[in-house]
Amino acid sequence: AACSKKAEAVEFKVSDLEGSVVYDFSVDYKDGATAGELLEEGLTANSIPYEKYADTMIDVIGDLEQDHTNWSQYWSFYLNGEYAQLGLWEQTVAAGDLVELKMETYES
């Protein structure tokens with residue numbers, strides 16, 4: 001008999017300005033998928049409303065929204081605890097990865 005292996009997943013955590021995790025979910029890993037693609041899949045599967053900005057950035061998740069006026073409030077993207085070097089829709093992920101979106105403030 002063939003061994004059935006549980007699908008590996010990518011975990012997502014979304015935090016508010018206070019650092020509290022407001023959404024926490026996993027999405028089955030797909031070969032070659034980007035963090036953004038899996039994020040959209042997970043938000044949709046969990047009925048969490050979201051909006052994209054310029055089709056390459058997350059803008060709104062639930063009731064958390066970036067500030068377009070002076071960008072004082074924005075989403076930061078972390079992959080496995082490190083600040084990501086690529087955008088959500090450019091960064092491919094691996095099974096077992098942790099993707100974190102944190103609402104942060106910009107202080108000039």
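**Entry 1: the model.** I'm working with a predicted model, so I keep in mind that local features here need pLDDT of at least 70.

**Entry 2: the sheet.** Five strands make an open sheet, and I read the order as β2-β1-β8-β6-β7, with mixed pairing. Which strands sit at the edges? They are β2 and β7 (82-83), each of which pairs on one side only.

Next I looked at how β1 meets β2. The two run antiparallel, and seven bridges join them.

Entry 3: I then checked what helix α1 (residues 35-45) does. Helix α1 packs on the sheet and touches β1, β2, β6 (73-79) and β8 (98-105). Its direction makes about 105° with that of β2.

**Entry 4: aromatic pairs.** How many aromatic pairs did I find? The count comes to two.

One is F12 with F25, a stacked pair at 5.5 Å centre to centre with 20° between the planes. F12 lies in strand β1 (residues 9-15) and F25 in strand β2 (residues 21-28), so this pair ties together parts that are 13 residues apart in sequence. I looked up their burial too: both F12 and F25 are buried.

The other is Y78 with Y83. Their ring centres are 5.4 Å apart and their planes stand at 85°, so I logged the pair as edge-to-face. Y83 counts as partly exposed, at 48% relative accessibility.

I also spotted a lysine by this pair: K102 lies over the face of Y78, at 4.4 Å from the ring centre.

**Entry 5: a loop with positive phi.** Last, I went through the loop between β3 (50-53) and β4 (57-61), where A54 has its place. A54 isn't a glycine, yet its phi is positive, about 55°. D55 lies in the loop between β3 and β4 as well. Phi of D55 is near 60°, again a positive value in a residue other than glycine.

What about their accessibility? A54 counts as exposed at 58%, and D55 counts as exposed at 56%. The cut-off I used for exposed is over 50%.

How values were computed:
Residues numbered from 1 in each chain as written. Predicted model: local features only at pLDDT ≥ 70, side-chain atom pairs only at ≥ 80, totals over all residues. Heavy atoms only, no water. Phe/Tyr/Trp six-rings, centres within 6.5 Å; stacked < 30°, edge-to-face > 60°. Helix = DSSP H or I, 4+ residues; strand = E, 2+ residues; numbered from the N terminus. Buried < 20%, exposed > 50% of the residue type's maximum accessible area, 1.4 Å probe, protein only. Lys NZ or Arg CZ within 6 Å of the ring centre and 35° of its normal. Pairing = 2+ DSSP bridges. Contact = heavy atoms within 4.5 Å. Axes fitted to C-alpha atoms, helices over the stretch in contact; angles between N-to-C directions.
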